[in-house]
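Subject: Structure for you to look at

Dear colleague,

Here is the structure I promised to pass on, followed by an account of what was found in it. Please keep it open while you read.

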Amino acid sequence: MLCAICIGASGQNIIYDNLGKAPVGGGLEMEDYWVWGSSVIKGDDGKYHMYASRWPKYLKFHPGWMIASEIVHAVSDTPEGPYEFSDVALGARGAQYWDGRSCHNPKIVKHKDTYILYHMGSTHPFEEVTEENAHELTLSSKWCIAGRWGKRVGMATSKSPYGPWKRLDAPILDVKPNSFYSFLTSNPSPLIKEDGSVVLLFKGRSYRDDELTHTDQFIGVATAPAVEGPYKVVGDEPVFSAEKFGEVEDPHLWSDDQGFHMIAKDMRGDIIGDGNHHGGVLAHSEDGINWVLDENPLAYTREVTWDNGQTIKQGQLERPFVFVEDGKPTHIFFATMDGPGGFGNGTKTWNMVIPLKK
């Protein structure tokens, strides 16, 4: 039965019931930078390689990421870390490129001898935002209007986790008029199947009827016969929306011998309840295309128990990433922020990790 995908032999929820204690000082934090959204892979060198977004703290956290994020590479001997900065994997490369100003939301996978770094990218045709004019950066500023409108899904490839990365001159998943992703595509989460074909979850937004603003978020699924593409969106309807299951963001996809799993952030609390605002949702699928909520869909809340004995409700807890080793989920990574909640109320961010008990 499908419920076997989400409930183990002991009757436990595969994530929520197996959350361990988060190591203080684990993961990745960088002085003078906002750090967000990690993806981790074990390299041929036996080390653990994290790819994460960062942008300078002289910019507001939101919307600074939209116009100045870069993807960095950090390394650790253990999944928990701490991870040490190694290099910039994908940085700014000029306004003329589709991802020339900002690269964000990395997801790292490997197929055969090639590492594939899926990401979101955007650009804008204006001057750079510096410390001197950072006060002008708002969601309604020219930089953000162009940067948000230009968000697309793409990828880069390398034979080594240290690069160099071969970047594409065009996104792999563009927008389509009169679709649920007519305004932007973002937040890719790929899974490469044994035959080399790809299932890719992504976030889309469409234009509203007045065509002056965009809608809330939709989650769609695209497929490709191979990593190189072409990537084609399946169907005309999203797999998750406010009307279908509930609005979610930050989908992460993985699989085991029982099928496909998705974990995502519940945007409104419609799925797991308002008492768990921005908690996590679990869903499952036999093919990666047709999805069903788990019998117990609660994956996590914003309350984290740390290995120093403290339990803290994080200001933000987002971008869940389930790390799988030897076919089993062993750790879950999050982007997190201190403070009472709200992007404008935190003083620092970092990528944290929680070991899973089973």
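In what follows, two residues are said to be in contact when they have heavy atoms within 4.5 Å of each other. Please bear in mind that this is a predicted model.

I71 is found in strand 3, and I71 is buried, with a relative accessible area of 0%. If its neighbours within four places in sequence are left aside, I71 is in contact with Y51, A52, V88, A89, L90, C103, H104, P106, L117 and H119.

The next topic is the helices. Two packed helices are described by the angle between their axes and the distance between the axes. For helix 1 (residues 61-68) and helix 2 (residues 142-149), the axes come within 9 Å and cross at roughly 60 degrees, and the crossing is left-handed. On the side of helix 1 the contact is made by H62, P63, M66 and I67, and on the side of helix 2 by W143, C144, G147 and R148. Sorted by class, the contact between helix 1 and helix 2 has five nonpolar, two polar and one charged residues. Helix 1 is largely enclosed by the rest of the structure, because six of its eight residues are buried; these buried residues are F61, P63, G64, W65, M66 and I67.

The lining of the largest pocket is made up of 23 residues, and I41, I108, V109, K110 and V324 are the ones that lie nearest its centre. By class, the lining of the largest pocket divides into 13 nonpolar, five polar and five charged residues.

Finally, there are some points about the backbone. Most residues other than glycine have a negative phi, and most peptide bonds are trans. In this model, however, a cis peptide bond joins G81 and P82, with omega at about 10 degrees, and P82 is found in the loop between strand 3 (70-76) and strand 4 (84-90). A cis peptide bond also joins G229 and P230, where omega is about 0 degrees; P230 is found in the loop between strand 11 (218-224) and strand 12 (232-233).

N187, although not a glycine, has a positive phi of about 45 degrees; N187 is found in strand 9 and is buried, with a relative accessible area of 3%. H278, likewise a residue other than glycine, has a phi near 65 degrees, and H278 lies in the loop between strand 14 (259-266) and strand 15 (280-285). Is H278 buried or exposed? Because residues under 20% relative accessible area are called buried, H278 counts as buried at 14% relative accessibility.

With best wishes

Key:
Residues numbered from 1 in each chain as written. Predicted model: local features only at pLDDT ≥ 70, side-chain atom pairs only at ≥ 80, totals over all residues. Heavy atoms only, no water. 1 Å grid on protein atoms, 1.4 Å probe; cavity = no way out; pocket = protein on both sides within 12 Å on 5 of 7 lines; lining within 4 Å. Nonpolar A, V, L, I, M, F, W, Y, C, P; charged D, E, K, R; others polar. Axes fitted to C-alpha atoms, helices over the stretch in contact; angles between N-to-C directions. Helix = DSSP H or I, 4+ residues; strand = E, 2+ residues; numbered from the N terminus. Left-handed = near helix turned anticlockwise from the far one by under 90°. Buried < 20%, exposed > 50% of the residue type's maximum accessible area, 1.4 Å probe, protein only.
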